[in-house]
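Biologist: I am new to reading structures, so please take me slowly through the inside of this one. I would like a close look at the core and its rings, and then at the charged pairs.

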Amino acid sequence: MSVSAQEIFQKYVYAGAMTRNADALAELFTEDGVLEAPLVPADAAFPRRTEGREEIRRAMAAYYERQTGGGGVGVPNVEKSRYVLHLTEDPEVFIAEIDTVFDGEGDGADETFSLVQIVRVRDGKIAHLRDYFTPGLVS
């Protein structure tokens, strides 16, 4: 039984953005997968472009560590976060709009960060993904 692009994307959102598990996230990419984050500052722990599953795993682990270890925004709230998936004419390419909600600490105000992702799926794994983050997510 084949896995749909939507199912792959749902696993990606859960393994990466929600659980902050870099190993699980990297396994969803092809060996030569590409992950791009054009709006991430050049000196950020998460680089602008990573290629290959192992490089993606290392980069995401460093990014998650930065987000949860002092200067970051914490762990996302799975129940509050939402996404909309848009199909394209190419059955292997789709666009996702994601709102990730982080529970407010101290003052109780939640923080929501939005991004748009363009995903290509090949042989049941993510072959290319481009992120367009809201600037506040990485500043």
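Modeller: Happy to! The chain has three helices and six strands, where helices (H or I, at least four residues) and strands (E, at least two) are DSSP runs numbered from the N terminus. Read from the N terminus, the elements follow the order α-α-β-β-α-β-β-β-β. This is a predicted model, so local features need pLDDT of at least 70 and side-chain atom pairs count only at pLDDT 80 or more, while totals for chains, interfaces and linings use all residues. Residues are numbered from 1 along each chain as its sequence is written, and side-chain values use heavy atoms, with hydrogens and water left out.

Let us begin with the whole chain. Of its 139 residues, 41% count as buried; buried means under 20% relative accessible area, exposed means over 50%, and partly exposed lies in between (1.4 Å probe, protein chains only). Among contacts with a separation of 6 or more, 46% are between residues 24 or more positions apart, a contact being heavy atoms within 4.5 Å.

Now for the core. In soluble globular proteins, nonpolar side chains tend to be buried together. A nonpolar core here is a set of buried Ala, Val, Leu, Ile, Met, Phe, Trp, Tyr and Cys residues joined through side-chain atoms within 4.5 Å. The largest one has 28 residues, and the members touching the most others are Phe9, Tyr12, Phe29, Leu35 and Met60. Two or more residues each come from α1 (5-18), α2 (22-27), β1 (29-36), α3 (53-68), β4 (93-102), β5 (111-122) and β6 (125-133). Helix α1 gives the most, with seven residues.

Next, the rings. Rings of Phe, Tyr and Trp (its six-membered ring) pair if their centres lie within 6.5 Å; planes under 30 degrees apart are stacked, over 60 edge-to-face, and the rest tilted. This rule finds four aromatic pairs. In one of them, the centres of Phe9 and Tyr12 are 6.1 Å apart and their planes stand at 35°, so this pair is tilted. Both residues sit in helix α1, three residues apart, which is about one turn of the helix. Phe9 is buried because its relative accessibility is 0%, and Tyr12 is buried at 7%.

Phe9 also pairs with Phe94: their ring centres are 5.6 Å apart and their planes meet at 90°, so this pair is edge-to-face. Here distant parts of the chain are linked, since Phe9 belongs to helix α1 and Phe94 to strand β4, 85 residues apart. Phe94 is buried too, at 1% relative accessibility. Taken together, ring pairs join Phe9, Tyr12, Phe29, Tyr83 and Phe94 into a cluster.

On to the charged pairs. Side chains of opposite charge can pair when their charged atoms come close. A salt bridge is a side-chain nitrogen of Lys or Arg within 4 Å of a carboxyl oxygen of Asp or Glu, and there are eleven by this rule. Follow Glu36, which is buried with a relative accessible area of 9%. One of its salt bridges is with Arg49, at 2.7 Å from N to O. Arg49 itself is partly exposed at 43% relative accessibility. Glu36 also forms a salt bridge with Arg130, at 3.0 Å from N to O. Arg130 lies in strand β6 and Glu36 in strand β1, so this pair ties together parts 94 residues apart in sequence. At 26%, Arg130 is partly exposed.

Arg57 is partly exposed at 24%, and Glu54 is partly exposed at 41%. Salt bridges with shared partners connect Asp23, Glu54, Arg57 and Arg58 in one network.
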